[in-house]
Amino acid sequence: MQLHVSQLSAGYGARTIVRDISFTLHRGEVLVVSGPNGSGKSTLLRILAGLQAPAAGTAYYEAGGNRFDPRDARHLIGWVAPDLALYRELSGIENLRFFARVRGLAISDAALYDLLAQVGLGKRGDDRLAAYSSGMTQRLRYAFALLHRPPVLLLDEPTVTLDERGAAVVDQIIAEQRRRGLTVIATNDPRELRYADLILRLGG
Ligand SMILES: Nc1ncnc2c1ncn2[C@@H]1O[C@H](COP(=O)(O)OP(=O)(O)OP(=O)(O)O)[C@@H](O)[C@H]1O
């Protein structure tokens with residue numbers, strides 16, 4: 001598993017936000033994209049998630065000898081971001097069941113409860129999200145992202161709203177991901193630079 005980015009630029013309308021970015025990320029590695037507010041970290045992550053097209057340049061994943069455009073790589077990607085919306089009127093386990101079905105995954109309830117336990121929501125899986133704190137919702141985003149055990153993990157502001165225990169859960173998830181594939185983290189929290197094998201600084 002590799003991610004290749006070459007001479008990538010992106011923006012909105014006539015405004016270029018990120019310019020001429022190139023890197024290669026290999027299995028086992030973590031890239032941290034850092035930079036001030038508005039420097040384009042989320043924009044770059046959205047492109048890598050296939051949610052937005054670049055203005056110029058290329059980004060593709062290489063898996064099992066095949067190339068995948070990010071827009072055709074949803075099966076490879078787990079995505080955690082503050083704007084990732086889950087269903088507030090459903091419980092944690094109901095959200096996971098729903099998204100597993102949407103993705104065509106046959107996952108037993110026992111495995112879903114294991115996933116909830118892994119993110120520290122073992123006792124709260126049957127509560128509706130409306131009753132979750134923001135940190136609990138962020139934990140559920142990780143369970144959602146890990147449903148299909150993706151070889152690519154894209155994390156936008158990974159520890160936002162998480163307490164120390166939540167941050168430890170993220171530590172563990174990133175350590176496991178090093179064995180499974182690659183990780184890209186967008187953050188302006190300097191503590192998260194410790195995850196990095198590679199650092200990409202945007203905006204200056
Ligand atoms: N949908 C959009 N339409 C127009 N401009 C946008 C859009 N999304 C982001 N921008 C602009 O692009 C620039 C980069 O935004 P982006 O969210 O990628 O930065 P960021 O580095 O992730 O910021 P932050 O640290 O605040 O999360 C900002 O100037 C922002 O206003």
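Mentor: Aspartate 20 lies in strand β2. Strands are DSSP runs of E of at least two residues, helices are runs of H or I of at least four, and both are numbered from the N terminus. This is a predicted model, where local features need pLDDT of at least 70, side-chain atom pairs count only at pLDDT 80 or more, and totals for chains, interfaces and linings use all residues. Residues are numbered from 1 along each chain as its sequence is written.

Aspartate 20 has a positive phi of about 55°, although it is not a glycine. Most residues other than glycine have a negative phi. Aspartate 20 is exposed, with 11 other C-beta atoms within 10 Å.

β2 belongs to an open sheet of four strands, ordered β2-β1-β4-β5 with antiparallel pairing. β2 (15–26) and β5 (66–68) stand at the edges with a single partner strand each, so one side of each has no neighbour in the sheet. Neighbouring strands here are turned by 25° against each other on average, direction ignored. Strand β4 (residues 56–63) pairs with β5 in the antiparallel sense over three bridges. Pairing requires at least two DSSP bridges between the strands. Tyrosine 61 stands opposite phenylalanine 68 in β5.

Now the other sheet. This open sheet has five strands in the order β6-β7-β8-β3-β9, paired in parallel. Its edges are β6 (77–80) and β9 (198–201), and each has a single partner strand, so one side of each is left without a neighbour in the sheet.

Follow the bridges across. Four of them join β6 to strand β7 (residues 152–156), in parallel. Tryptophan 79 has leucine 154 of β7 as its bridge partner. Leucine 154 in turn has valine 184 of β8 as a bridge partner. β7 and β8 pair in the parallel sense over five bridges. β3 and β8 also pair in the parallel sense, over five bridges. Valine 33 stands opposite alanine 186 in β8.

Six of its six residues are buried, so β8 is largely enclosed by the rest of the structure. In a regular strand the side chains alternate between the two faces of the sheet. Leu182, Val184 and Ala186 point one way from β8, Thr183, Ile185 and Thr187 point the other way, and all are buried.

Take alanine 186, within β8 (residues 182–187). Alanine 186 is buried, with 27 other C-beta atoms within 10 Å. Leaving aside neighbours within four places in sequence, alanine 186 is in contact with Val33, Lys41, Ser42, Leu44, Leu45, Asp156 and Glu157. Contact means C-beta atoms, placed from the backbone, within 7 Å. Alanine 81 is 105 residues away along the chain, yet its C-alpha atom is 9.5 Å from that of alanine 186.

Helices come next. Helix α1 (residues 41–48) lies across β3 (30–34), β7 and β8, running at about 155° to β8. α4 also packs on the sheet, where it touches β6 and β7, and its direction makes about 170° with that of β6. Angles run from 0 to 180 degrees between N-to-C directions, with axes fitted to C-alpha atoms, for helices over the stretch in contact.

Helix α4 (residues 134–146) packs against helix α5 (residues 164–180) at about 10°, with axes 11 Å apart. That makes α4 roughly parallel to α5; the cut-off is under 35 degrees. Gly135, Gln138, Arg139 and Tyr142 in α4 meet Gly166, Val169 and Ile173 in α5. The residues of this contact divide into three nonpolar, three polar and one charged.

Finally, the core. The largest nonpolar core has 51 residues, and Val33, Ala143 and Leu154 touch the most other members. Such a core is a set of buried Ala, Val, Leu, Ile, Met, Phe, Trp, Tyr and Cys residues joined through C-beta atoms within 7 Å. α4 supplies the largest share, six residues. Beyond four places in sequence, alanine 143 is in contact with Leu96, Leu115, Leu116 and Val119.

Conventions: Buried ≥ 20, exposed ≤ 12 C-beta atoms within 10 Å, placed from the backbone. Contact = placed C-beta atoms within 7 Å. Parallel < 35°, antiparallel > 145°, perpendicular 65-115°, else oblique. Nonpolar A, V, L, I, M, F, W, Y, C, P; charged D, E, K, R; others polar.
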